[in-house]
Amino acid sequence: MRRTYLGVSIATVALALSGAGGYAQELPGSFEGVRLDVKLIGGQQYEALYERIGEWEEATGATVNIASKQNHFELDKEIKTDLATGLINWCVGSNHSSFAPQYPGIYTDLAALLPQEEIDAFVPSTIEASTLDGRLVMLPRAQYDVSALYYQKSLYEDEESKAAFEEEYGYELRPPETWDEVKDQAIFFADPPNFYGTQFAGKEEAINGRFYEMLIAEGGEYLDAEGRPAFNSEAGVRALQWFVDLYEAKAVPAGTTNYLWDDIGQGFASGTIAINLDWPGWAGFFNDPESSKVAGDVGITMPPKGSAGEYSAWSGHHGFSVTESCDNKEAAASLVWFLTNEESQQLEASAGPLPTRSAVWDWVIEEAADDPFRKEVLTAFQGAAEVAYPVPQTAAWIEISNAVYPQLQAAILGDKTAKQALDDAAAQATEILEETGEL
Amino acid sequence: MEANTLNRLNRRLLKIGHLISLFLAMSIICLPGLWVVLSSLRPTVEIMAKPPVWIPQQLSFDAYVSMFSGAGRGGIPVLDYFINSVIIAASSTIIALVVGMAGGYAFARYRFRGKTAIFVGFMLTRTVPGIALSLPLFYVYARLGVIDTHFGMIMAYVALNVPFTVWLIDGFFRQVPKDLAEAAQIDGCTRWQAFWQVEFPLARPGIASAGIFAFLISWNEFALASQLTRSTNSKTLPVGLLDYTAEFTTDWRGMCALAVVMIIPALALTFIVQKHLVSGLTSGAVKG
Amino acid sequence: MKAWRLPAPVLLLMPAFIVLSAVVVVPLFLSLYSSFTPFRLTRPDSIWVFIGLDNYIRLFGDWAFWTAFGRTVLFLAVALNLEMVLGLGLAMLVEKATRGQRILRTMMMFPMMFSPVLVGFQFKFMFNDNVGLVNNALQSLGLTDQAIPWLIDGNLAFFAILTAEIWSSTSVFAIFILAGLMAMPREPIEAARVDGCTPWQTFRYVVWPFIMPFAFIAMTIRSLDIARAYDIVKIMTDGGPAGRTEILWTLIARTGYSDARMGLANAMAYIAILLSIVFTLIFFRQLAKARQQVGAEW
């Protein structure tokens, strides 16, 4: 069922969009006297949107009470705490595709509350990633994340190094399209401790996610059809070996296994990294002379492919969910719709983040017509978004990540071989899945 | 003559050595702090530069300006956090002092059974790591309906600080000779009057030192605050620091600016009471 | 007839009792109970399943847990002792200063104004191997041409965390020891000098016994408050990489919240509580002994 619906062509989406006008009178609707408690993700990047809440209140007559506004990870902790103490007494919550599977059953199916046309207006792959067990648990906002490859353009224009590279590796020096090319070029460019070829986030869900997309690109799978950990395959060893080789060759900073996203971004901005697989939120930062030394020299392209011809395109997105225990689900769904509708997405996307509605994609690209860098960025990320996939949809994803990442680190740092580390990790992950009853 | 010059030289060398080591020690203490201040004034490109930029090229107050310019324009509700922090830290300090004075007075002036056990028991409540406490405490608070309120935070910090204030103040009251209060009572004062007019003034430095410790702990506490506060109703500054971190990005400059805003009041307060602090600790806790 | 009244000490201790039991003791019983269940945050029903000592038995055979336990004890022992020595040095330097005492004392307490979260961020940036202050300084001074992986190598990371912890907490020792030095009567020192003691002997046999109780008070306060170090480690390395800097609190927090296995985490926490109780009792003993010694001289 869902498959066929996801298969809608762009033409149908466009049709549906024009049809959506008919629903404009019904949404946002009128909810005089209704009070909604909401929990939102806090932080500068996310808060501009919340000024729109006032408009929704005016349009519907309802009032919104912000019961909580927290950083991403604190919000996750808070929702788990609420779940544990039986206090899901709020209606709307910020959600994220990587975290959503952990909260089984607390969020209601939005497909039942909103007109199909509105849902069809989103990019199909994000709707798929927001759907768990056939229930649309969240509506994506314009905070979509998939990685693309940033690089320092000038490195690829230097004739001398071009010749030297071709001499050594036998093919032309150009922005890499495969992970093998990334490896060659990273080792070629590296000059520790002043300059590194590339870098990777080295801990927590970050390294596990990077390993996961690399695994897919190499043709492996993280969990098999029965939900059993299958990442200790040959493809898995190849994927992990990529990290190990770069670390051994000193083509990445020695501290990379302690880096998280902010260290990675700051590193590329400091001008000491040649090639950097990173998130869209940094594009503006990298090209701003106030914050980045490589401003004006930033190139961007699709994420590389692995040996199986697949792209590494692990994606995630923020969105809003309505709780199952909410008294007034219609009002809550209306608010969620309002915060993710075209105007809202335009507001968010104009500041840099990527939209999740097809029409808003077109809009941002049109807006960027006079800005070649922004256009290059959007093209790269739109390409990546088309081939993107979310994390495996298991409630234990984060817990598995916590068990797997120390093993990945152990292999990267040379404490274990890749195979041994993956076998150990798979054993632990299996144990976790058995304990949670998923196996 | 010879020995005298040598002696003088020796003393001068010692003095210079002392000054140098003092300077070095103070530099090590202050440098990380100065670095935070500098980072709040410099553009990120300079902080993260490689090769490093040692001498600041451009300084600006942009981070401070945007911090106060409200949500959506790079701002976070600093003012709300600041007010919450002041209310919570100040009230919890005052309450912890009052409770500590009552408890300390009881330990210093009365004999009762199980005194040592109760005393050590009080201290041990402080050894419980926050993580073991946070979820059940949340549960209790949720049942009482005091999640995300000033009251809840104040109570938590009072509990955090009471063992310490009791201990310091107890030591101090012991120092005040019993005869003084007794003499006052013979002169016709009630016990209450004797306390306020004789014992309290003498114990004041000890109370001040307990107060500054309690204040600094409440002002900087993070683990409990991150669990028990949820919105601008009660979020404090240390929790607000994390508003500068998003899922993938951290605004280090903004964070430094907020840190400076956090440190200044604490620094000012310490500067004002530091005299009492030292003399207060001098005999307060030791003779207990 | 006189109305029956509660005895004064009971009345006076009442507020402290009420606050401490509401905020600490009652929650503590709840978490003790949950350590006997397989409680998972995301499955609230699991709190009703009683599994006795299973969590504890599991922990006794868990090598990772005991490694973290050992590392925590080592960390505490090294940090507290170094802080005491450095605090002593700092206090003596400040006490000798003839001018600017007020400023110096305030500066000495400067690190106490820093929230541990902030200390963590600050030192994480300073010890960054690529753009961090420490490596930049070493490379600029020509002391190394390597990017030293401060937060990666097990020993270096231990050192980096220790530095952050010591920087932030030496003040507590310094301020107490300074208080002790200032309260010290002058006569015994003069007498020792007249008797021909070397400065070291004077320090060892006259000054140190006097200030020892102050040092132990600071020690007790610090050991009571030691879990603060969690914030620092959490931000600097979060126990990594590959578990090389895992200490009890990071392990407990990850198990409890991130993995949502609260029951198991609470069992770990109880073992950790035992550890801090032992530390605290040792210091109390020492303190009592030191006090008696000084009391005899006063």
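**Figure 1. Contact between chain C and chain B in a predicted model.** Chain C contributes 73 residues and chain B contributes 68 residues, where two residues are in contact if their C-beta atoms, placed from the backbone, lie within 7 Å. On the side of chain C that touches chain B, helix α1 (residues 8-34) of chain C gives the most, with 16 residues. Helices are DSSP runs of H or I with at least four residues, numbered from the N terminus. By class, this side of chain C has 57 nonpolar, 11 polar and 5 charged residues. Ala, Val, Leu, Ile, Met, Phe, Trp, Tyr, Cys and Pro count as nonpolar, Asp, Glu, Lys and Arg as charged, and the others, Gly among them, as polar.

In this predicted model, local features need pLDDT of at least 70 and side-chain atom pairs pLDDT 80 or more, while totals for chains, interfaces and linings use all residues. Residues are numbered from 1 along each chain as its sequence is written, and chains are lettered from A and ligands numbered from 1 in the order in which they are written.

**Figure 2. Contact between chain C and chain A.** Here 31 residues of chain A meet 26 residues of chain C. Helix α11 (residues 248-258) of chain C gives the most to the chain C side, with 3 residues. That side has 12 nonpolar, 9 polar and 5 charged residues.

**Figure 3. Helix α18 (residues 397-412) of chain A.** Of the 16 residues in α18(A), 15 are buried, meaning that 20 or more other C-beta atoms lie within 10 Å of the residue's own, with C-beta atoms placed from the backbone. Just after α18(A), A:G414 has a positive phi of about 90 degrees.

Note on methods. Helix = DSSP H or I, 4+ residues; strand = E, 2+ residues; numbered from the N terminus. Expected span 1.5 Å × (residues − 1). Buried ≥ 20, exposed ≤ 12 C-beta atoms within 10 Å, placed from the backbone.
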